[in-house]
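Please keep the model open while reading.

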Amino acid sequence: MVDSSLPRTRSADVRASTLVGVLIGIAIMAAVDEIVFHQLLAWHHFYDRSTPSVALLSDGLLHAAEVIALVGGFFWFADLRRRRALSSRLAWGGFLLGAGGFQLFDGLVDHKVLRLHQIRYGVHLVPYDVVWNVAGAVLLLAGVAVLLWARSRQPGAGPR
């Protein structure tokens with residue numbers, strides 16, 4: 001007789017494991033940006049092209065969004081783990097992909113295209129932009145490498 005209360009061994013959900021990592025990576029990188037650069041260093045706000053009150057409101061909305069994404073991501077992560085459908089390797093790859101993607105999006109779109117804010121004011125921006133975007137690209141490429149490696153290690157992926 002089989003005890004039906006015990007979870008059965010299942011194969012990992014490749015898509016969900018990757019996407020949960022991406023969501024948590026985006027939320028964590030947004031939190032790091034908001035806490036370190038907006039609050040501790042006070043280099044910028046999410047939206048700096050208005051009054052200080054609007055800038056503070058924009059930071060609060062970013063913070064609320066990152067917390068919602070983080071909580072939702074960890075509930076999703078816990079559900080995948082409970083169902084034994086989580087691949088931690090794919091989740092780590094997704095995490096790095098999400099963190100790097102957020103950083104590059106922020107550095108290129110928010111800073112340069114939309115000009116919502118700059119990394120810092122009153123300084124020469126090129127070194128800051130280069131470090132910001134290269135760090136994002138490194139995280140993104142590391143995420144791609146981890147995902148490719150993890151997918152090659154999945155059962156049925158061919159020779160190891």
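A crossing is called left-handed if the near helix is turned anticlockwise from the far one by less than a right angle, and right-handed if clockwise. The model is a predicted one, in which local features need pLDDT of at least 70, side-chain atom pairs count only at pLDDT 80 or more, and totals for chains, interfaces and linings use all residues. Residues are numbered from 1 along each chain as its sequence is written, and side-chain values use heavy atoms, with hydrogens and water left out.

Helices here are DSSP runs (H or I, at least four residues), numbered from the N terminus. Axes are lines fitted to C-alpha atoms, for helices over the stretch in contact, and angles run from 0 to 180 degrees between N-to-C directions. Angles under 35 degrees count as roughly parallel, over 145 as roughly antiparallel, 65 to 115 as roughly perpendicular, and the rest as oblique.

Begin with helix α1 (residues 14-40) and helix α3 (residues 88-113), whose axes are 6 Å apart and pack at an angle of about 45°. The two helices are therefore oblique to each other, and α1 passes α3 in a right-handed crossing. Contact means heavy atoms within 4.5 Å. On the α1 side the contacting residues include V14, G21, I28 and D33, and on the α3 side they include L90, G94, F102 and D106. By class, this contact has 13 nonpolar, seven polar and two charged residues; Ala, Val, Leu, Ile, Met, Phe, Trp, Tyr, Cys and Pro count as nonpolar, Asp, Glu, Lys and Arg as charged, and the others, Gly among them, as polar.

How do the axes of α1 and helix α2 (residues 52-82) cross? They come within 8 Å and cross at roughly 150°, which makes α1 roughly antiparallel to α2. This crossing is left-handed. Among the α1 residues that meet α2 are A16, L23, A27 and H38, while D59, E66, G73 and L80 are among their partners in α2. The contact of α1 with α2 has 16 nonpolar, five polar and three charged residues.

A27 is in helix α1 and counts as buried at 1% relative accessibility, where buried means under 20% relative accessible area, exposed over 50%, and partly exposed in between (1.4 Å probe, protein chains only). Leaving aside neighbours within four places in sequence, A27 is in contact with E66, A69 and L70. A27 and A65 lie 38 residues apart in sequence, and their C-alpha atoms are 8.1 Å apart.

A nonpolar core is a set of buried Ala, Val, Leu, Ile, Met, Phe, Trp, Tyr and Cys residues joined through side-chain atoms within 4.5 Å. The largest one consists of seven residues: A16, V20, I24, L80, A85, L86 and A91. Helix α1 gives the most to this core, with three residues. Apart from it lies another core of five residues, including M29, L62, A99 and F102.

N133 belongs to helix α4 (residues 126-152). Is N133 buried or exposed? At 15% relative accessibility it counts as buried. Not counting residues up to four places away in sequence, N133 touches Q103, L104, G107 and L108.

Two loop residues remain. R84, in the loop between α2 and α3, has a positive phi near 55° without being a glycine, and is partly exposed, with a relative accessible area of 42%. R115 lies in the loop between α3 and α4. Its phi is also positive, about 55°, although R115 is not a glycine, and at 47% relative accessibility R115 counts as partly exposed.
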